[in-house]
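Keep the structure open while reading.

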Amino acid sequence: MLHPGTELRKINDEIGYGVFATQPIPRGTITWALDPLDQILDQHAAEQLEQPYGGNLMRYTWVNGNGHRILCWDFGRFMNHSCKANSYGPGGCQFEIAVCDIDAGEEITCDYATLNLENPLVCQCGSSRCRGVVTSDDLEGIAASCDELIRSAFARIREVKQPLWHWLESQNTKIDHMLLRPDSIPSVLKHRWRPASDAIASRNLRVAT
Ligand SMILES: [Zn+2]
């Protein structure tokens with residue numbers, strides 16, 4: 001579920017839609033949290049459904065650290081990528097947090113490299129940190145800076161209004177432990193998931209060398 005202070009807006013024909021803040025969203029605010037209406041599909045179920053949905057399933061889902069596809073029931077599925085995103089999630093956690101103050105009218109963005117992007121994305125985010133082409137392999141290179149942003153924002157999690165707090169509690173997220181021990185906040189590297197075929201190829205490569 002997205003933060004309620006957001007709306008869906010058409011950006012242009014090329015990009016399509018995006019999620020925009022309708023009110024200021026301070027750093028440390030939960031921007032999205034998994035809720036029971038979101039669909040969680042394993043790879044087999046997703047592959048079975050891909051054809052009848054004409055490619056839209058893959059387009060509008062993202063892959064979590066367990067290899068499951070998440071389809072947000074609300075317009076969370078329209079959140080766009082930015083190489084300088086303002087919303088990131090701790091590794092393996094089912095929520096995202098604003099890592100900077102987001103102004104009313106500003107687009108809320110995440111980094112697709114943290115969402116197991118399957119095909120390279122030619123990026124036109126326009127940020128000063130634009131990587132040009134985004135792949136899931138970017139994750140290792142950006143992890144340290146993402147983790148720093150998340151840990152800094154997380155320190156404010158009890159200080160700002162949290163309309164989505166219920167969903168964090170439902171996930172049994174150990175917020176207080178993470179506040180006491182910021183080094184226990186999981187790295188975004190925990191988001192990484194590799195298909196079994198990749199793991200096999202990797203093993204074969206090691207054997208061959
Ligand atoms: Zn970019």
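Arg-131 has a relative accessible area of 25%, so Arg-131 counts as partly exposed. The model is a predicted one. The side chain of Arg-131 meets that of Asp-138 in a salt bridge, with N and O 2.8 Å apart. Asp-138 has a relative accessibility of 16% and is therefore buried.

A second salt bridge joins Asp-137 to Arg-192, and their closest N and O atoms are 2.9 Å apart. This pair links distant parts of the chain, 55 residues apart: Asp-137 sits in the loop between strand S12 (133-134) and H3, and Arg-192 in the loop between H5 and helix H6 (196-208). Asp-137 is exposed because its relative accessible area is 52%, whereas Arg-192, at 17%, is buried.

Arg-156 and Glu-159 also form a salt bridge, here with 3.9 Å between the closest N and O atoms. Arg-156 is partly exposed at 24% relative accessibility, and Glu-159 is exposed at 61%. Through shared partners, salt bridges join Asp-101, Arg-156 and Glu-159 into one network. The whole structure holds eleven salt bridges.

What does Phe-95 contact, leaving aside its neighbours within four places in sequence? Its contacts include Ile-30, Trp-32, Tyr-88, Pro-90, Phe-154 and Leu-168.

The rings come next. There are three aromatic pairs in the structure. In one of them, the ring centres of Tyr-17 and Phe-78 are 5.9 Å apart and the planes stand at 65 degrees, so the pair is edge-to-face. Tyr-17 belongs to strand S2 (residues 16-21) and Phe-78 to the loop between strand S6 (69-71) and strand S7 (80-81), so the pair ties together parts 61 residues apart in sequence. Tyr-17 is partly exposed at 40% relative accessibility, while Phe-78 is buried at 17%. Ring pairs link Tyr-17, Tyr-60 and Phe-78 into a cluster.

The structure has zero disulfides. Cys-125 is partly exposed at 26% relative accessibility, and Cys-130 is partly exposed at 30%.

Definitions and conventions
Residues are numbered from 1 along each chain as its sequence is written. This is a predicted model: local features need pLDDT of at least 70, side-chain atom pairs count only at pLDDT 80 or more; totals for chains, interfaces and linings use all residues. Side-chain values use heavy atoms; hydrogens and water are left out. Rings of Phe, Tyr and Trp (its six-membered ring) pair if their centres lie within 6.5 Å; planes under 30 degrees apart count as stacked, over 60 as edge-to-face and the rest as tilted. Helices (H or I, at least four residues) and strands (E, at least two) are DSSP runs, numbered from the N terminus. Buried means under 20% relative accessible area, exposed over 50%, partly exposed in between (1.4 Å probe, protein chains only). A disulfide is a pair of cysteine sulfur atoms within 2.5 Å. Contact means heavy atoms within 4.5 Å. A salt bridge is a side-chain nitrogen of Lys or Arg within 4 Å of a carboxyl oxygen of Asp or Glu.
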